[in-house]
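This briefing gathers computed features of one protein chain, grouped by topic for a reader who has the sequence and coordinates at hand. Please look over the structure below before going on to the notes that follow.

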Amino acid sequence: MQSPIQILTAPTAAGKSALALELAGEFPLEIVSADAFTVYRGLDIGTAKPGVQDRAAAPHHLLDVADVTEAFDVARFVELAEEAVAGILARGRVPLVVGGTGFYLAALTRGLPLTPPSDPAVRAGVEAELAARGLDALLADMQALNPAEAVRMERNPRRVVRALEVYRQTGRFPGEFGRSRPRFAFEVTAFTREPAELEARMGARVQDMFRAGWADEAAWLAGRVSPDAGPRPTVWQALGYREALGVARGVLALEDAAAQVTLATRQYGRRQLTFTRTQLRAPVLTPGEARGQLRARLSR
């Protein structure tokens, strides 16, 4: 019987990739990325995409698999991730799924929701309501109807629109539908750091990204995909790119942009931890505990 496939998750900037690469020095690992934005070619700096040295240390999968003009959704992620895991196993090596996009990890471990296909007319109506009333108002509507579903959205506008579209079609939210059967069994190892340490790491990472040319990368993205196109383009939901574009266009000071992105990153990190506990149902360990647990599981 195939042993469960291991997943490593943690909030942004906690050190997931570093721990994965450390373990790749001990085990014949190949890393399957579970990040909603490193899939896009050209989004390198602002997504903290693994660089040449990291990819040389261990093979990585699901990086640079889509153009920024393409739609990329959870169904495609699951398809590609399952193909990658199967290929790694066939080569006699060990897959390790690494990432912080909880929605992707939930679909991989529990299956895809068996929701109906999109209805463009209904979706357009929800998009218009989002623009008119704002994300908080739509989430409040969901909270009143299904509190668990509202939490599951992680304040992601694209997911909120889809959830309300399905609800208006069927009277049920996506989480109330059944799921497809996952191809593999998985075990999740999750960790975080002390709040002060994690916040310092987040702030330092944001500063490093701007020094590395994040504003120029955002300007390049705006040249490929307008940030003002409707419905809201998927790539412009990536954390911090709008602020980086503001710096590139001279409408936002770098210091202000960095502060705004750092705050948004802290808020996102808290949502990641909530999702890990409530949806992935994984205990959140210290880095040392996670290292030990994952090493033991990989040694089986």
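Contact means that heavy atoms lie within 4.5 Å. The model is predicted, and every value in this briefing should be read with that in mind.

**Sheet**

- Six strands form an open sheet with parallel pairing, and their order across the sheet is β3-β2-β4-β1-β5-β6.
- At the edges of this sheet stand β3 and β6, each of which pairs on one side only.
- Between β1 and β4 the parallel pairing runs over three bridges, and Gln-6 stands opposite Leu-96 in β4.

**Nonpolar cores**

- The largest nonpolar core holds 54 residues, and the members with the most contacts inside it are Tyr-40, Phe-77 and Val-97.
- Elements that give two or more residues to this core are the strands β1 and β5 together with the helices α3, α4 (102–110), α9 (195–211), α10 (214–224), α11 (241–248) and α12 (254–278).
- The largest share of this core comes from α3, which supplies seven residues.
- Once its neighbours within four places in sequence are left aside, Val-97 is in contact with Ile-5, Gln-6, Ile-7, Leu-8, Val-32, Ala-34, Leu-105, Leu-108 and Phe-186.
- A second, separate core has 22 residues, among them Ala-13, Phe-191, Leu-198 and Leu-285.

**Helix α13**

- Helix α13 has 12 residues and reaches 16 Å from its first C-alpha to its last, which is close to the 16 Å expected at 1.5 Å a residue.
- Its buried residues are Pro-287, Ala-290, Leu-294 and Leu-298; seen down the axis of α13, these buried residues fall within an arc of 60 degrees, so they line one face of the helix.
- The cover over the buried residues of α13 includes the strands β1 (5–9), β2 (29–33), β4 (94–98), β5 and β6 (284–285), as well as the helix α1 (16–24).

**Helix α10**

- In α10 the buried residues are Trp-214, Ala-215, Glu-217, Ala-218, Leu-221 and Ala-222; because they cover an arc of only 160 degrees around the axis, they are on the same side of α10.
- These buried residues of α10 pack against α9, α11 and α12, whereas Asp-216 and Gly-223, on the other side of α10, are exposed.

**Salt bridges**

- The count of salt bridges in the model comes to 23.
- Lys-49 and Asp-44 meet through their side chains in a salt bridge with an N to O distance of 2.8 Å; Lys-49 counts as buried, at 9% relative accessibility, while Asp-44 counts as partly exposed, at 37%.
- A salt bridge also joins the side chains of Arg-297 and Glu-187, at 3.6 Å from N to O.
- This pair links distant parts of the chain, with Arg-297 in helix α13 (residues 287–298) and Glu-187 in strand β5 (residues 186–191), 110 residues apart; Arg-297 is partly exposed, with a relative accessible area of 22%.
- The side chains of Arg-193 and Glu-197 form a salt bridge at 3.1 Å from N to O, and each partner counts as partly exposed, Arg-193 at 22% relative accessibility and Glu-197 at 36%.
- Glu-22, Glu-26, Arg-291 and Arg-295 are linked with one another in a network of salt bridges.

**Positive phi angles**

- Ala-13 has a phi near 75 degrees, a positive value in a residue other than glycine.
- The place of Ala-13 is in the loop between β1 and α1, where Ala-13 counts as buried at 5% relative accessibility.
- Asp-64, likewise a residue other than glycine, has a positive phi near 55 degrees.
- The place of Asp-64 is in the loop between β3 (60–61) and α3 (74–90), and Asp-64 is partly exposed, with a relative accessible area of 24%.

Definitions and conventions. Residues are numbered from 1 along each chain as its sequence is written. This is a predicted model: local features need pLDDT of at least 70, side-chain atom pairs count only at pLDDT 80 or more; totals for chains, interfaces and linings use all residues. Side-chain values use heavy atoms; hydrogens and water are left out. A salt bridge is a side-chain nitrogen of Lys or Arg within 4 Å of a carboxyl oxygen of Asp or Glu. Buried means under 20% relative accessible area, exposed over 50%, partly exposed in between (1.4 Å probe, protein chains only). Helices (H or I, at least four residues) and strands (E, at least two) are DSSP runs, numbered from the N terminus. The expected span of a helix is 1.5 Å times one less than its number of residues. The arc is that of the directions from the helix axis to the C-beta atoms. A nonpolar core is a set of buried Ala, Val, Leu, Ile, Met, Phe, Trp, Tyr and Cys residues joined through side-chain atoms within 4.5 Å. Two strands pair if DSSP finds at least two bridges between them.
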